[in-house]
Structures are given as structure tokens and as C-alpha cells.
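Please consider the following note while viewing the entry shown below. The points proceed from the whole chain to single residues.

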Amino acid sequence: MSEQIWEKIAKAKQASLAESIPSDYRIPKDLLPPDSQLDVTQWPKQSGWFTEKELEITGSTASDILQKIASKTWSSVEVTKAFCKRAAAAQQLTNCLSDAFFDEAVESAKALDDHLKRTGKPIGPLHGLPVSLKDNFNIKGKDSTVGFTSLVDKPAEYNATLVDILQELGAVRYCKTNVPTAMMIAESVNNTFGRTVNPLNRSLTSGGSSGGESALIAFGGSPLGVGTDIGGSLRIPAACTGIFTLRPSHGRFTTQRCRSGLAGQEAVKSVNGPMAKTLEDITMYSKAVIDAKPWIVDPTMLPIPWQPVEPKQKLKIAVMWNDGICQPTPPVARALKETVQKLKNAGHEVVDWDPKELHLKALQLLGRMFVADGGKSVQALLEPTNEPWRPEMKMYEDAAELGTYDMWKLHLERTELQRQYLEHWTSYNDLDAILCPTTPYATVKNGDFKYVGYTGVYNVVDYSAVSFPTGMYADKSVDTPIANYKALSEFCQAAYDSYDATAVHGMPVSLQLVAKRLEEEKVLAMTATVLQAF
């Protein structure tokens, strides 16, 4: 069979991306790790290809890098070059990028260094920091394909508002990261760039839809990146790779002028947030962006300044052992149990969260919202190049379009569920947070991610949430499959059937801390308190 149009476009785009990697940043063939080497996170140190300085820079936190640049210990140019090189390696080993513009980044870094030398002052709180961006953040002159071949070589005519804000804060943009088709799959795979894999174990997924970001950060190719979340797209990849992220409520971080795979869908709103290896970096970024007053340039943003929170000595936390739909797999169940015990030992009040029927209703609502257009948004982007539907998009391919009347009724159901969820929360009297799994899994084999209910419910109610690594790891000797397992649903049975203790052995296990709507400062402070109990 002759090659299809979409296949030719995809091959050309992949070749163009490979060509954009400077020759100096292409891994010598004799140093490439074999395909059989699943964990490549230690390869930069072991290979001898990176200098000690490059390893020191790319092994540092965003906050430390900013301090070193401000004190002129490091220049922005040397920091940028180090991360460009490591990002290039990440791309070659995990397929995590969708665009690379390293030469432009170095020129930006030079200008920042010149400014600091000339004035003695940084441009802003992110001065000189390389920040990676998910593919859907429009950058003028660059593609935002969100996985579709029909959007290849259709460069953006303007920057996303957040891109402009980050530039004003002094950040250096240097690459964009891979996503799934339309950003609506829990793993990062599409027909244009293919699949991004987890650098901690390349047979496992780095999650989605911000899985290019999570793979890049976990590999050390970015000190801080920005992803988006409409059903778990920040939290799922963060959990799969053992890094931190904040899912903010809508109205704090601008999403204006970004590309969407479901443009115009506002029944559940997409948000964006930072991803990094430390909670300190997440908090630092969040304050910097909110201090930039995004409501001045985006009419949908809420004029809420950053409000520091005094940490409470004793928290009241409701633990959700399961959501009534899908039991967490053994590593996650163990991490949750041990975390609860540590919180009790530290003097915090822990009660059980009853999900009632609210979580099931929320998950069903989310599914109906996503396909309310009958899959037309996705179909319209597939048709120009005759690109086929990916199997993961079956629910969109088979969906029937809702009319306006039925869509309005769906909005009413969502609003009523939000009211019921708040009422249920309030019934717990002075409840600070819910502690629960981020996902039922530590991570899964590529292609096996089936359930997003633990994250999706908080998109429907628009609550603030942090996914954080617990410092615990899946262990095949103790995290064995449950005898006489009784599944709560088909989702639950699928999660149980796909659980492979050997495959996920050694992978980090994350949990999720959830606060109410617009409590970003509070949930970050509470997460710090929870981590102190460890």
C-alpha cells in the first residue's frame, strides 16, 4: 500500500525535529545506551558525554539556578546551553520533544546576561531560567500541532499570553514537549511524533497529556516546565515520573491564546501549571506568575494577588482510600496507608472520606462533556490529511453530538454536582484537604493507562490539587496482587488485570492533596506540611 499523506507529513516532521538538534548535541553512536537499558536517568552521569559543570547545572533546582545566575556564579548562557544539551539527549532517548530552538534560546540568554552585567539587576524573578513548554503553548513562528499532522507547518501567528508573561519575567524558552492526540489521552502518543516513554523505565508510560514535560524533567532536561490539565494532564504524568505539580483552579494562571484539541469546549475548563522536581520550585513559579497580574491582560483571570499562607500546625485531612469506582493498585494503596500513619504520628487529624456517588457522577459527566460535539473537533483535524483515529480515541470516534438544549442540561448537572460536592466537604467541619491517589497506578506499561477518575473529579469541581512523590517506590516483593480480588467496576477490574508488580518495580509512588477551589497557596503550604511528616 502506498504511503498516506499523513504518514509522509509525520516522517518529514520527525526528520525536521531530528535535524534541529545541533550536531554537538547528538549522542555519539558508541555512547548510546542499548534499547534494553530501560532506566536512562543515570546515563548522563555514566556516559562521560557531559562535563562536570553541565551535570552540576542540570542537576540543580530552578530556585538554586536563579540564585546562581543572580549572583553571577553562572551565566544564563552556560545554564541554557547545559539544558539544551540535556534536553537534546532526553529527546534522543525518550522522544519527549515536539520542537527545539536552542540557537534562539542562547541568543535570549546572551541578552539577559548583558542586561544583568549592564544594570546589576535581573529582568524579573525568572531571570535566565530555561523553562520548557508543552506543545499547545503558542509561540509565534512555531508549530503547535497537538499531535495532528494537519497542523504541521502551520506556525502560530502570536504568542500565548503566558509565553509573553514568562518572557517578561526573564525566562528563557528553548523547547516544546510532546503530547497525545488532541491532548485527550492519558499517555503521550500521537500519529505525528509517536510515543514518549518514561526515562525511569522506557517500557512504561510517562503519562499524559503533559507526558513530554514529565519525561524531560525527570531526565534532567528541564529545571521547570509548564503543562496543562483538563482531566489530570498535569497530575498523571507527574505521578508517572515522581515529580511535583500544581493543578490550579481556573482563573489563576492564564490559558489565553493557547492551542486546544477541543477548541471552544468550556463545560470543564483547561488550566495550566508548573511541573518540577521540588515543591519549592512549584511555589516559586506560582508566585512569580500570579505576581505578574495576569488579569491585566486576560479578562478571564481573577484579580487575586498571591496570598502567603501561615502553615497550620495541625491539619484535618480526609483520606480517600478508594473512589468507589477503582481500587488503587498495591504500591499506591501501601503508600497511602503509610502516609496516613505518618500524618497521625505527627499529630494531624485524619478522617475517612466517603466519595458517595459524587465521584461516579463526576466521572460520567466528564466523559459526556469531552464528547459533547460528537467528536467533530477531532474529526475536523484528522480529515485534511486523512489521518486515522488512534485506538485510544475510540470514545470520540463513536460519540453522538449533543444539541444545545442537552448541552445546557449537562451544564446544569455539572453545577449541581459542584454544589453537592462543596456541601459534602463542608459536612466534615473545618476540613483542610483530601488525601488520595493521583492515579490507581505508580505507572503502567506503555498503552495500559485506563483510569483517570481520581484526577478528573477535581477538574469537574475545579479544586486546587498538588500531586507529590511520597518517597516510596513500588516493590514487587511486598506489592503483590490481592488474593480473592473483588473489583468495584470494569475500570477496577481492568486496573487489576493490567497490574504487573515486576514491570513497575522501583517506580516512584505519588499521592494527591486536594484543597477547595482557588486555594492554591493553601494546598502548596499544606503539601509542605504533609512532607514534613515523612
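1. Which residues does the UniProt annotation "domain: Amidase" cover? According to that record, an unreviewed entry, the annotation covers residues 78-524; UniProt positions are given here in the numbering used for the model, feature names are shortened, and annotations may be inferred rather than shown by experiment. The end C-alpha atoms of this span lie 31 Å apart, and the span is 35% helix and 16% strand.

2. A word on the basis of the values is in order. The model is predicted, so that local features need pLDDT of at least 70 and side-chain atom pairs count only at pLDDT 80 or more, while totals for chains, interfaces and linings use all residues. Residues are numbered from 1 along each chain as its sequence is written, and side-chain values use heavy atoms, with hydrogens and water left out.

3. The chain contains 18 helices and 15 strands. Helices (H or I, at least four residues) and strands (E, at least two) are DSSP runs, numbered from the N terminus.

4. Along the principal axes, the C-alpha atoms fill a box of roughly 60 × 55 × 50 Å.

5. Of the 534 residues, 59% are buried (under 20% relative accessible area, with exposed over 50% and partly exposed in between; 1.4 Å probe, protein chains only). Among contacts (heavy atoms within 4.5 Å) between residues at least 6 apart in sequence, 79% join residues at least 24 apart.

6. Helix α7 spans residues 161-168, and its buried residues are T161, L162, V163, I165 and L166. Their cover includes the strands β2 (130-134), β3 (172-177), β8 (225-229) and β10 (271-276), together with helix α10 (279-291). Just after α7, G170 adopts a positive phi of about 100°.

7. Is I236 buried or exposed? I236, which is found in helix α9 (residues 235-241), is buried, with a relative accessible area of 2%. Leaving aside neighbours within four places in sequence, the residues in contact with I236 include A186, G207, G208, T438, F449 and V452. The C-alpha atoms of I236 and T192 are separated by 22 Å, the two residues being 44 apart along the chain.
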